[in-house]
Amino acid sequence: MRDFSNDHSALALNTATLGHNLPGRGAGWSPEQVIDACAARGYGGIVFWQRELGRAAAQIGDRVRAAGMEVTGLCRTPYLTGSEAGTDAAVTESIDTAAALGAPVLTIVTGGTELGSKGLDDSRKRLAERVAHHADHAAACGVSLALEPLNPMFGGNRTCIFTVRDALDICDMVGKDNVGIAVDVYHVWWDTTLAESLLAASGHILGYHLCDWLENTRDMLLDRGMMGDGVADLKGIRAAVEAAGYNGKCEVEIFSAVDWWARSPDEVLDVIVDRFRSCC
Ligand code: ZN
């Protein structure tokens, strides 16, 4: 297991952590301000959200690399299933944006249950079909697709995969080399079969997302904790992720409307470095 106590070069910022994912949240820093602030603190990478980039994806990617960091990934495709599923053209646009940005990984939050269906089988079948449909174009663009299982409380409208095992099942159904999974501690910390499932995921883990699960979560979407403030076994989960062969960036992704989004981005970025070294 890697030792981060004196080295945070594996640290990446997901810009949602600064509140950028919702209009009117956070300090509203531009991508350029975020890049400069992360580079000044020795971050190793940044993950952007498509809505932040407009038509400037290529320039923003170049700026990240010129600052000595990598673009770790892009969030995310439109939903692929459920009543709010996006069009094929919108999914292709996400893939093309990731390619322009130079992001090797594009995250998929699947979307919820298919209209009129009960249970999950129809939704997962549709999900696998849509991922397979887009995987070849993504591969031609040098982009891998990372299926992110979400905590079961997001079933219904946001996801139809809840565990690492669920995500791997979709990977098997799709059968494409550039389709894998993203592991987010917020979504998987509770899973007592996680270590075993992660071993089966060896070679398929494309991303690892950090935050913490607060003992008393006040809002299931927007009250994620800073690493060290909650009850997730962050070192234990990372040990299992690395035992499965993952040695990429660790991406801090904290949606926190009532706490961290209300603080100055400079403070948030400093605390992240400290917690990353001491708690993760
Ligand atoms: Zn995540």
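**Exercises on aromatic rings**

**Exercise 1.** Decide from its relative accessible area whether Trp213 is buried or exposed.

*Solution.* The relative accessible area of Trp213 is 15%, and buried means under 20%, exposed over 50% and partly exposed in between, with a 1.4 Å probe and protein chains only, so Trp213 is buried. The model is predicted, with local features needing pLDDT of at least 70 and side-chain atom pairs counting only at pLDDT 80 or more, whereas totals for chains, interfaces and linings use all residues. Residues are numbered from 1 along each chain as its sequence is written, and side-chain values use heavy atoms, with hydrogens and water left out.

**Exercise 2.** Find how many aromatic pairs the whole structure holds, and classify the pair of Trp49 and Phe255, then that of Trp189 and Trp213.

*Solution.* The search gives five aromatic pairs. Between Trp49 and Phe255 the ring centres are 6.1 Å apart and the planes stand at 85°, so this pair is edge-to-face (Phe, Tyr and six-membered Trp rings pair with centres within 6.5 Å; under 30 degrees is stacked, over 60 edge-to-face, the rest tilted). The two residues lie 206 residues apart, and their pair links distant parts of the chain. Trp49 is buried at 6% relative accessible area, and Phe255 is likewise buried, at 8%. For Trp189 and Trp213, a centre distance of 5.6 Å comes with planes at 35°, so that pair is tilted.

**Exercise 3.** State which residues ring pairs link into a cluster.

*Solution.* Ring pairs join Trp49 and Phe255 with Trp261 in a cluster.

Technical notes: Helix = DSSP H or I, 4+ residues; strand = E, 2+ residues; numbered from the N terminus.
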